[in-house]
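Hi everyone, thanks for making time. Have a look at the model on the screen, and I'll walk you through a few parts of it.

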Amino acid sequence: MRTRATIALTTALLATLAACSSSSDDKADTPNSSPTTAAETPNTTPTPPGAIELERVADTYVNLYFGGAGEGAYAFLSKRCRAKADPATYAATVGQAAKDYGPDHPATDVHATVSGDMGRVSYKVKGLPKVDQQGQPWTVEGGAWKYDAC
C-alpha cells in the first residue's frame, strides 16, 4: 500500500514538473539575465517622480488652496517654504483666499517640466487669470513634489 502511494505521488510530481517545464514557446523559458545571488545588492535609489506626477500634485495643491484647506496645502510646502511660513498664518491666508474667491477654481492647462529633483509648473486657474502661474518652482523632498515658490 505504501509503495503504491509513493509511486502515485512520484508520478504526479513528475507529471507536474513535466507540465511546468514544457512549453510550446522556448523563448518563454529563457532567463532574461543571470540569476540573482544573495551577494548582489539591488538598486534601492528611488526614481524621482516625473512631470505627470508633478502636474497631479500641483493640481491637488491648487484645489486645497482655493478650497480653504490650509493644513492640507501647508503639507505641500517645501522645507524651505515651511521655515518661512507659520502654519497658522498660512492657514489663515488660505482660508481668506477661499472666502475671497470660493473653491471652484481648479487648475487647468497644467504643464510641468522636470530636471532631476527640480520642476516647474505652468497652469491657469479657472476664473482667476490674475493668479495663473508660469514656471512655478517645485522640488522633490522625501520622494514627493513640494511647492517651492516662497
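Strand 1 and strand 2 run antiparallel and are joined by seven bridges; strands count as paired if DSSP finds at least two bridges between them. This is a predicted model, where local features need pLDDT of at least 70, side-chain atom pairs count only at pLDDT 80 or more, and totals for chains, interfaces and linings use all residues. Residues are numbered from 1 along each chain as its sequence is written, and side-chain values use heavy atoms, with hydrogens and water left out. Helices (H or I, at least four residues) and strands (E, at least two) are DSSP runs, numbered from the N terminus.

Back to that pair of strands. His111 has Ser122 in strand 2 as its bridge partner. The hairpin has two residues between the strands, and Gly116 there takes a positive phi near 65°. Strand 2 also pairs with strand 3, again antiparallel, over five bridges, and here Arg120 is partnered by Pro137 of strand 3.

Now to Thr139, which lies in strand 3. Is Thr139 buried or exposed? Its relative accessibility is 11%, so Thr139 counts as buried; buried means under 20% relative accessible area, exposed over 50%, and partly exposed in between, using a 1.4 Å probe and protein chains only. The side chain of Thr139 reaches the backbone oxygen of Asp117 at 3.3 Å. Leaving aside neighbours within four places in sequence, the contacts of Thr139 (heavy atoms within 4.5 Å) include Ser78, Met118 and Trp145.

Next, helix 2, residues 51-66. Its buried residues are Leu54, Val57, Ala58, Tyr61, Val62, Tyr65 and Phe66. Looking down the axis of helix 2, these fall within an arc of 155°, so they line one face of the helix; the arc is that of the directions from the helix axis to the C-beta atoms. What do the buried residues of helix 2 pack against? Their partners include helix 3, helix 5 and strand 1. Just after helix 2, Gly68 takes a positive phi of about 80°.

Last stop, the disulfide, defined as a pair of cysteine sulfur atoms within 2.5 Å. Cys81 and Cys150 form one, with their sulfur atoms 2.1 Å apart. The pair links distant parts of the chain, 69 residues apart: Cys81 is in helix 4, and Cys150 in the segment after strand 4. The torsion about their S-S bond is about -90°, so the disulfide is left-handed. Cys81 counts as buried at 2% relative accessibility, whereas Cys150, at 43%, counts as partly exposed.

Conventions. A polar contact is a pair of N or O atoms within 3.5 Å; within protein, one must be able to donate a hydrogen and the other to accept it, and residues adjacent in sequence count only if both atoms are side-chain atoms.
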